[in-house]
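My notes follow the structure.

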Amino acid sequence: MHSSTAPTTPSHMRAAEIGRFGTAQDVFEVAENAPVPAPGHGEVLVRQRATSVNPIDCRRRGGYGHKLMKLRGIAGFPLTLGNDVSGDVVAVGPGVTGVRVGEAVFGAKEPSRQGTYAEYCVVKADQVIRKPDALSYAEAAALPYAFLSAWAALRAAGFRPETAAGKRVFLQGGSGGTGVVTLQVCKALGAHVATTAGPAGVDLCRELGADEVINYRTQDFSRQLNDFDFAICLADQAEEAKMLSILRGGPGAGYGTLVHPLMPLVDQKGLFRGGVQAAATLMSRRLAQARRRRGYGWALFKPDRAALEMLARLTGEGRVKAVIDQTYPLSDIADAQDYVERGRAKGKVVVAIG
Ligand SMILES: NC(=O)c1ccc[n+]([C@@H]2O[C@H](COP(=O)([O-])OP(=O)(O)OC[C@H]3O[C@@H](n4cnc5c(N)ncnc54)[C@H](OP(=O)(O)O)[C@@H]3O)[C@@H](O)[C@H]2O)c1
């Protein structure tokens, strides 16, 4: 089993790290001398050109999910956050086939202590694929984590790409980082898409192809929409009952959400009590929907190579584009997180690594 490395790979790099939990302005340090990790079996080392900020990064920086991370053996400091990979492969570990040194790739890695807010990151080879030429590194960094997360929610609701044509999909929060890409993918697969956005996001959602856009600040979507196959929560779980009210009866209809009480319950009540309460809540809500023969699911980001390949194909064909609200240099990572944490982004916040 061979590994290979580009001859110019240095041993140290710049990386945005935190040494404790706290506010972005208090805890971020851009280290100049962080060690460059070495790819293990089945992994590649990527020279990062860009990454993006996801709301989960801001929450983890504040300590959210710490108990689950500890259970998974990935707690501790210094911690480099970030999940979106976009750059060039500079080394491959033993056992890697199908990815070559020098190849431009993109994808999203699972939570770890060595995230993507850094000049170099290690990622499992099967979690990245070739970056379409049509996408810049910044654009490629804006898509994978947000899309794969929302895709997990669509799948949890029962949505399938092969039967998507003609399906009626409601996306709550079409203007956010997850919404902008999910809306376009659903349209490209032939679905009818309705979405909600605040006043500053309405035109954007229309430009991206949404069939119906409702300003959630002035109108109640549940009074205007009905008979939907799928409702996907990408913003506010307090509107769950309204989203369920616009669904048709099953089978084949369903609700999926990215915003749910699993991690908050575990953080507040501990792994056992929080986990049991979350499981009981999920089970009772599932049963309530099963009585109407509808799907119901809570979703978490999940690597999904087939979905990533579909995303690459649709971007390569020009049917899905990245929507970038702001771009910050790595040195301004604290400002980038503050912007995302305010919850008003229209599309994604990208971090240029250079
Ligand atoms: N479970 C997971 O694994 C997972 C993974 C990814 C994301 N998430 C969660 O999913 C949510 C969405 O992520 P994101 O990256 O899309 O966030 P984001 O980029 O911060 O979303 C911000 C957008 O949401 C809109 N918005 C806020 N409240 C809304 C509402 N009630 N109805 C419609 N639109 C609303 C805002 O519009 P205005 O400014 O006009 O209000 C803004 O454009 C976050 O809570 C995130 O933590 C979870």
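I searched the whole structure for cavities and found 4 of 30 Å³ or more. For the search, a cavity is a set of points, on a 1 Å grid over the protein atoms alone, where a 1.4 Å probe fits but cannot get out. Grid points are joined across faces, edges and corners, and a volume is the space filled by probe spheres set on the points. The largest cavity holds about 80 Å³ of space.

The model is predicted: local features need pLDDT of at least 70, side-chain atom pairs count only at pLDDT 80 or more, and totals for chains, interfaces and linings use all residues. Numbering runs from 1 along each chain as its sequence is written, and side-chain values use heavy atoms, with hydrogens and water left out.

Next I looked up the lining of the largest cavity (residues with an atom within 4 Å of a point). Among its residues are Phe21, Arg60, Tyr64, His66, Met69 and Phe77. By class I noted 7 nonpolar, 3 polar and 1 charged. Here Ala, Val, Leu, Ile, Met, Phe, Trp, Tyr, Cys and Pro count as nonpolar, Asp, Glu, Lys and Arg as charged, and the others, Gly among them, as polar.

Phe77 came up again in the backbone check. A cis peptide bond joins Phe77 to Pro78, with omega about -5°. Pro78 sits in the loop between helix H3 (66-71) and strand S6 (84-92). Helices (H or I, at least four residues) and strands (E, at least two) are DSSP runs, numbered from the N terminus. I found a cis bond between Gly250 and Pro251 as well, with omega about 0°. Most peptide bonds are trans.

Then I turned to the ligand. I counted 25 residues around the ligand (a heavy atom within 4 Å), and Ser175, Thr178, Tyr216, Arg344 and Ala345 are the closest. I checked polar contacts, meaning pairs of N or O atoms within 3.5 Å. A polar side-chain atom of Thr178 is 2.7 Å from a ligand oxygen. For Arg217, a polar side-chain atom is 3.0 Å from a ligand oxygen. A polar backbone atom of Ala299 is 3.2 Å from a ligand nitrogen. Taken alone, the ligand exposes 940 Å², and the protein buries 89% of that (Shrake-Rupley method, 1.4 Å probe).

Why does the ligand lie between domain 1 (4-143 + 322-352) and domain 2 (146-298)? Both domains give residues to the shell around the ligand, so it lies between them. The bounds come from an automatic or database domain assignment.

Note on methods
Polar contact = N/O pair within 3.5 Å; in protein donor to acceptor, adjacent residues only side chain to side chain. 1 Å grid on protein atoms, 1.4 Å probe; cavity = no way out; pocket = protein on both sides within 12 Å on 5 of 7 lines; lining within 4 Å.
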